[in-house]
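Work through the exercises below with the sequence and coordinates at hand. Each task is followed by a stepwise solution.

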Amino acid sequence: MCLFIVIEGIDGSGKTTQAKMLFKKLIRRGYRVALLAEPTGSVYGRKIREKLREGNYTAEELYELFVKDRMLNAKNIQSLLRWGYIVILDRYYISTIAYQGAQGIPIDRILNDHKNLPQPDIIIILDIDPVTALGRLKKKDTFETREFLERVREIYLRIPEILKNFDGQIEVINADRDPEAVGEDIWKMVRDRISCGE
Ligand code: TYD
């Protein structure tokens, strides 16, 4: 297995920018890299986006859709890793722990539903104050309120404790900085962990 990296954080934390920057750095160095994101473009992912836009859902309904979407994605991830790709994933089940946990879905249940999935080698959590993060967003969907994101952030900060049996690396990074500086920290972390040939 080459390397499976997950980038996490609240909306507006800069995950997508950082995932793309890391992807480019690795490609430039000749690695085979796949950049994926959840929710995906599957029927479930499209349904999720529609529901988030319209705001008509129950926490349970949304939870089930995220899990179904992820089960499909996990198969792709498994294949890519087997083929020797470095996989960068913009959100994974850590998002479900943080967001659906903040909506009242029990965290033990979430952990149990995801225990047989491919486990990341590195989980990077981009930490930022929701007020700053919201200032970065143009369009806001139903999750993007300060009060909700405060709760999500709190759970993200507890991830090292929640995933105490996880044997990969978990890093919380201050994301309220210049994107280049954040990217440099991520790069240092990843560079030392790559275990596949160039
Ligand atoms: P986001 O990464 O913002 O996707 P996009 O950039 O395509 O809009 O994800 C959309 C929202 O879904 C975001 O508010 C976080 C939320 N989300 C969950 O609530 N649970 C999950 O498991 C995932 C993957 C995302």
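Two helices count as roughly antiparallel when the angle between their N-to-C directions is over 145 degrees. The model used here is predicted.

**Exercise 1.** Determine how α3 and α4 are oriented to each other, and which residues make the contact.

*Solution.* 
Step 1. Two packed helices are described by the angle between their axes and the distance between the axes.
Step 2. For α3 (residues 59-82) and α4 (residues 93-102), the angle is about 175 degrees and the axes are 11 Å apart.
Step 3. The helices α3 and α4 are therefore roughly antiparallel.
Step 4. From α3, the contact is made by Leu62, Tyr63, Phe66 and Arg70; from α4, by Tyr93, Thr96 and Gln100.
Step 5. Sorted by class, the contact of α3 with α4 has four nonpolar residues, two polar and one charged.

**Exercise 2.** State the strand order of the sheet and identify its edge strands.

*Solution.* 
Step 1. The sheet is open and has five strands, in the order β2-β3-β1-β4-β5, with parallel pairing.
Step 2. β2 (33-37) and β5 (169-174) each pair on one side only, which makes them the edge strands.
Step 3. From one strand to the next, the twist averages 20 degrees.

Terms used. Residues numbered from 1 in each chain as written. Predicted model: local features only at pLDDT ≥ 70, side-chain atom pairs only at ≥ 80, totals over all residues. Heavy atoms only, no water. Axes fitted to C-alpha atoms, helices over the stretch in contact; angles between N-to-C directions. Helix = DSSP H or I, 4+ residues; strand = E, 2+ residues; numbered from the N terminus. Parallel < 35°, antiparallel > 145°, perpendicular 65-115°, else oblique. Contact = heavy atoms within 4.5 Å. Nonpolar A, V, L, I, M, F, W, Y, C, P; charged D, E, K, R; others polar. Pairing = 2+ DSSP bridges.
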